[in-house]
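Hi,

Here is the structure I promised to pass on. Have a look at it first, and then read my notes below.

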Amino acid sequence: MDNKTEEIKPNPWAVAPLAVFLFSYLAVSVIAGDFYKMPITVAFIAAAAVALLMTKGPTMQSRVDKFCAGAGNSNIMLMVVIFILAGAFAQTTKDMGSVDATVNMTLAFLPQYLLAPGVFIAACFISLSIGTSVGTVVALVPVAAGIAAKTGISAPLMAGVVVGGAMFGDNLSFISDTTIVVTRSQGCKMSDKFHTNFKIVLPFAIITAIIYYFQTSAGFATAHIAQNIAWVKVIPYVLVLAFAIAGVNVMTVLFLGTLLAGITGLLCGGFDVWGWTAAMGKGINDMGELIIVTVLAGGTLELMRVNGAMAWIIEKLTAKIKSKKGAELSIAGLVCFANLCTANNTIALIMSGPVAKDIAQRYKVPASRSASLMDIFSCFVQGCIPYGAQLLMAASLASLTPVAIMPYLYYPYLLGIGALLAIFLGLPRKIRD
């Protein structure tokens with residue numbers, strides 16, 4: 001293999017596959033008035049076909065090889081393994097009664113009018129502690145869906161509550177991949193980045209909790225009946241959260257969680273050994289569509305990169321910078337587009353980091369501010385796109401479509417608005433650097 005790095009020329013047409021996906025999935029669904037009409041897998045097949053046709057190569061096989069390289073990327077495969085383990089864990093805890101027990105416990109301790117904001121705050125703290133939005137979604141969406149079923153609160157709203165809280169911690173946590181990547185790429189301390197970042201996002205997290213309070217206290221939910229709590233069945237969830245907060249790898253956490261839930265189910269009579277294996281098998285199979293979408297997205301987005309989509313947007317964003325504010329907007333646009341093209345905020349930050357640092361240094365943007373803006377905008381996009389891991393996972397666990405959840409993603413939307421206001425108004429005034 002040639003060790004030279006192939007120069008990728010900017011190409012505006014390389015963005016076409018993303019446009020095809022957005023039209024075939026979002027626009028067609030809106031026109032049809034039913035978001036179940038167009039399967040997301042079919043939309044990605046259409047986008048992949050366009051990307052393959054646009055890619056240069058002596059043969060179709062050479063183009064397919066490039067697609068497979070993206071689909072088989074180590075980060076994509078890591079996500080697939082996490083989805084498999086998450087499916088086994090989610091179905092095992094459901095079949096043995098852990099989800100119902102946790103829902104009953106939540107209903108017993110939280111008044112009805114505080115359920116949605118309470119779950120949002122819990123998701124914020126959990127994601128802040130464990131540093132992974134996907135882990136938070138896996139742990140809390142089944143509980144949120146159970147609360148929705150028992151109280152009459154909208155299931156998409158409750159899924160949106162969890163996703164929003166999960167992105168809060170993904171953005172701020174000291175052990176989050178995104179925090180580690182941006183602080184290293186921009187050359188600032190984690191504490192300085194946190195201090196700047198926290199001032200920007202905290203008001204919008206509070207506003208989000210207030211919105212959820214009013215939305216669920218104004219006749220949205222029906223009265224629920226308190227039930228006895230099977231405390232022993234709550235143990236798997238508690239231990240999983242404890243392991244995660246302790247910094248245990250997410251795959252290890254999910255494996256141990258499945259094991260603990262299975263053993264608890266066997267001891268409590270929730271199922272026998274064959275019932276446990278059936279639950280794990282069903283959970284894994286239920287992740288099939290999610291895994292297919294992840295692989296198709298990885299291949300399609302890699303072809304877009306190879307064809308020059310990323311190079312084109314970098315060229316356009318950096319061509320007309322004339323001020324510090326313009327530099328910050330360019331950094332924001334760079335990260336957003338990278339995230340749209342990778343569906344992975346960590347990878348997007350890795351790709352855009354060197355360019356963003358160069359822009360920041362040339363226009364005297366403090367490193368902690370550029371790191372904060374990069375992280376915020378990456379989490380804003382990641383928390384909104386219907387083909388991102390967080391929404392796909394939440395939709396799969398709650399038996400919904402990603403688009404059904406999108407109207408209730410108040411925190412990610414406010415996160416993006418807040419970051420834009422911070423740029424235009426020059427907030428916060430005092431920045432550590």
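Serine 399 is exposed, as its relative accessible area is 61% (buried means under 20% relative accessible area, exposed over 50%, partly exposed in between, with a 1.4 Å probe and protein chains only). You'll find serine 399 in the loop between H19 and helix H20 (402-405). Helices (H or I, at least four residues) and strands (E, at least two) are DSSP runs, numbered from the N terminus. Serine 399 also has a positive phi of about 55°, although it is not a glycine.

Before going on, some ground rules. Residues are numbered from 1 along each chain as its sequence is written, and this is a predicted model, where local features need pLDDT of at least 70 and side-chain atom pairs count only at pLDDT 80 or more, while totals for chains, interfaces and linings use all residues. Side-chain values use heavy atoms, with hydrogens and water left out.

A second residue to look at is lysine 364. Its phi is near 55°, a positive value in a residue other than glycine. Lysine 364 sits in the loop between helix H17 (345-362) and helix H18 (367-382), and it counts as exposed because its relative accessible area is 67%.

Now back to H19, the helix that comes before serine 399. How many of the nine residues of helix H19 are buried? Eight of them are, so this helix (residues 389-397) is largely enclosed by the rest of the structure. Among the buried ones are Ala389, Gln390, Leu391 and Leu392.

Alanine 116 is another buried residue, because its relative accessibility is 0%. Its place is in helix H6 (residues 115-130). Leaving out residues up to four places away in sequence, alanine 116 touches Leu157, Met158, Val161, Tyr212 and Thr216, where contact means heavy atoms within 4.5 Å. Isoleucine 147 is 31 residues away from alanine 116 along the chain, and their C-alpha atoms are separated by 9.3 Å.

Next, the whole chain. The protein chain has 21 helices and zero strands. Buried residues make up 53% of its 433 residues. Of the contacts with a separation of 6 or more, 81% are between residues 24 or more positions apart. The C-alpha trace spans about 65 × 55 × 45 Å along its principal axes. A compact globule with 433 residues would have a radius of gyration near 22 Å, and the chain agrees because it has 22 Å (taken over C-alpha atoms; the globule rule is 2.2 Å times the number of residues to the power 0.38).

On a 1 Å grid over the protein atoms alone, a cavity is a set of points where a 1.4 Å probe fits but cannot get out, and lining residues have an atom within 4 Å of a point. The largest cavity holds about 60 Å³ of space, a volume being the space filled by probe spheres set on the points, which are joined across faces, edges and corners. Which helix gives the most to its lining? That is H14, with four residues. Helix H4 (74-96) and helix H14 (288-307) each supply at least two. The lining includes Ile76, Met79, Thr294 and Ala389.

Cheers

Note on methods:
On a 1 Å grid over the protein atoms alone, a cavity is a set of points where a 1.4 Å probe fits but cannot get out, and a pocket is an open set with protein on both sides within 12 Å along at least five of seven lines; lining residues have an atom within 4 Å of a point.
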